[in-house]
Amino acid sequence: MAIKKIGELLVEAGLITDSQLQEALQASKDGRGQRVGAVLVQKGYTTEIDIAQTLAFQLGVPFVEISKSQVDPDAVGLVPERIAKKYMVMPLTHEHRVLKVAMADPLNLHAIDDLRFSTEMEVQPSVATLTEVEAAINTHYHLSEPIENLLGDLKKDRHVELVREVESDRDIVENTKKSSAPPIIKMVDSILIHGYENRASDIHIEPQELSVKLRIRVDGIMRETMKLPKWVQGPVVSRIKLMARMDIAERRVSQDGRFKVKLGEKAMDLRVSTLPTQYGETVVMRLLDPKSAMLDLAGAGFLPDDLSRVRSIIERPQGVVLVTGPTGSGKTSTLYSMIASIKSEKINIITIEDPIEYELKDVNQVAVNDKTGLTFSYALRSVLRQDPDVILVGEMRDEETSVIAHQASMTGHLVFSTLHTNDAVASVVRLRNLGIPPYMIASALNGVVAQRLVRTICTQCKEAYDPTEEELKKGGVRWSGRKLYRGAGCKSCSGTGYSGRVGIFEVMTVSQKVKSLISADASEQEIFRAAVDAGMTPMHMDGLKKVAAGITTLEELTRVIYLGRADEASKCAVCFENLPEGALRCPNCGTAPSKNCPSCGKESQSGWKVCPWCTAALSGGQRAGS
């Protein structure tokens, strides 16, 4: 059966009349080969979009909008610009020896044969408008101009140097050069510079249905930077995967990689993760400055009492010190600052990490590699034969590692590690669940530091304000008449009112009473009470002290932690000092505990206006003698 031409299909579809087609054919001959479709549009008989969609329907091939589609730079590289312009064809993607292209005229079998011959691949056509095909060819074969416009305010005049750790790996370097167009390199470089200069911890490239969203995480909060057109998705993702030594042809499974760059004199490590989604691969890059780890324990945000408690547990010759909290709470930085605090030429310190996030001078650092069998437990056994004094284990994630670490501490080593628990006391329960006997936990554990990170108020726009009763109630405090602070929002903090972060902590030292309770397999509540009696400041109280000091805000504190443990803490809600068990008033400031009637001392309930036992008014926060 003869293949019908584009004009005949348009007549059959009722889009144009036969006389209009004949007129267009004649004009095409007179106009030195001008395409029939272009003539029909020029004369106003139809539109490009109508032609393309009709062809797609009649031929059973997909219709695509190239500007909203992902374009693979490797596919573009397979078809010379000369051939693309000759046949008005735009390469889109290639996979399993199949090249997908967008064509204004998918009935041009000669063009398809020529593409098949030149690329040695099967050609799968789709339909697009002539204007879109022409614009796409001009864009993707000459990327410089559109990339410059897309970058907007992102810096384009700085160079990012890709650092290869293996000098002999020339093939990867050559492939990177060949597979990345200079404008795409400039775009990725600008994205990295933007993230670095805005103090981002992570850069997210997230494909949407019709665009690509660029977001960064600053001070723990996601911030949208810009939206890019869909067609940059393929080139940008391919460039990043090449830099991180990933398989650019594999798009169906998640991948992990890393690379190092230099921004002028500044070196930066990046961990890269890709994940296939319904609209393409998302890319997350974590920015790690190997020289920027906060190594000053005094500057971590510990209050004076807590700092002295931390020093007391890390300066012992042996035992286990744990830092606990969720992902992204600053545990690694705190561990590194502890190591830096005790580091000296007289002791041998070895770390086992997955991966090594920051470089520690004069410390032997080991990177875990599960693929080669270098697991935490295997590495820990090997490290014990290296005559260490101090061992840092990145995480106690299984029973074997945890037991070996505790045994090592009991044989004269100081062991640092991390756990993922909500507070300090929960770490004891977690260790039990990992299979460590209670007697071993009690014998080995020096102390636990639980922590979170809260954003600090921007110093450029900091202002005092009167908190509402609702705010104070949510924070569990009685600060009537006290001024608090917040950021008004300025250019320096991008209008957020916050700049930088500080830790809030809960430092539990294992006193003799706590040790006895752990050995007796006591409940979490009993251990918590004993720890508070021994001087532990609960995390929410540490946070409230920093709110009162104007370091952070109540809003930020309630965003990061749950403030519902105030009643368990035996702390005054006004001055935060310890309350003796059964106390009717705070011995420091005279305030009655909020759960007790200020007159008779009996326990009251929230919402009561009058005490049912002594009929005293329950106004809350009345001081002695008032």
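Modeller: By contact, or touching, I mean heavy atoms within 4.5 Å. This is a predicted model, in which local features need a pLDDT of at least 70 and side-chain atom pairs count only at pLDDT 80 or more, while totals for chains, interfaces and linings use all residues. Residues are numbered from 1 along each chain as its sequence is written, and side-chain values use heavy atoms, with hydrogens and water left out.

Biologist: What pLDDT does the chain average?

Modeller: The pLDDT is the predictor's confidence in each residue, on a scale from 0 to 100. It stays under 50 over residues 565-569 and under 50 again over residues 620-626. At least 70 is reached by 83% of the residues, and the chain average is 84.

Biologist: How many helices and strands are there in the chain, and what share of its residues counts as buried?

Modeller: Helices (H or I, at least four residues) and strands (E, at least two) are DSSP runs numbered from the N terminus, and the chain has 23 helices and 19 strands. Buried means under 20% relative accessible area, exposed over 50%, and partly exposed in between, with a 1.4 Å probe and protein chains only. Of the 626 residues, the buried share is 47%.

Biologist: Which side chain of opposite charge is nearest to D306?

Modeller: For charge, Lys and Arg count as positive and Asp and Glu as negative, whereas His and the chain ends are not counted. A salt bridge requires a side-chain nitrogen of Lys or Arg within 4 Å of a carboxyl oxygen of Asp or Glu. D306 is buried yet has no salt bridge, and the nearest side chain of opposite charge, 4.0 Å away, is R309.

Biologist: Which residues are linked with E122 in a network of salt bridges?

Modeller: One link joins the side chains of E122 and R116, at 3.8 Å from N to O. E122 is partly exposed, with a relative accessible area of 47%, and R116 is partly exposed at 30%. The residues linked with E122 in the network are D113 and R116.

Biologist: Why does the span of helix 11 agree with its number of residues?

Modeller: The expected span is 1.5 Å times one less than the number of residues. For the 16 residues of helix 11 (residues 182-197), this should give 22 Å, and the lengths agree because the end C-alpha atoms are apart by 22 Å.

Biologist: Is S409 buried or exposed, and with which residues is it in contact beyond four places in sequence?

Modeller: S409 is found in helix 16, residues 399-410. Its relative accessibility is 2%, so S409 counts as buried. Outside its sequence neighbours, S409 is in contact with Q318, G319, V320, V415 and A444.

Biologist: How far apart in space are V510 and I527, C-alpha to C-alpha?

Modeller: V510 lies in the loop between strand 19 (498-509) and helix 20 (512-519), and at 8% relative accessibility V510 counts as buried. Beyond four places in sequence, V510 is in contact with L445, N446, G447, K515 and I518. V510 and I527 are 17 residues apart in sequence, and their C-alpha separation in space is 9.8 Å.
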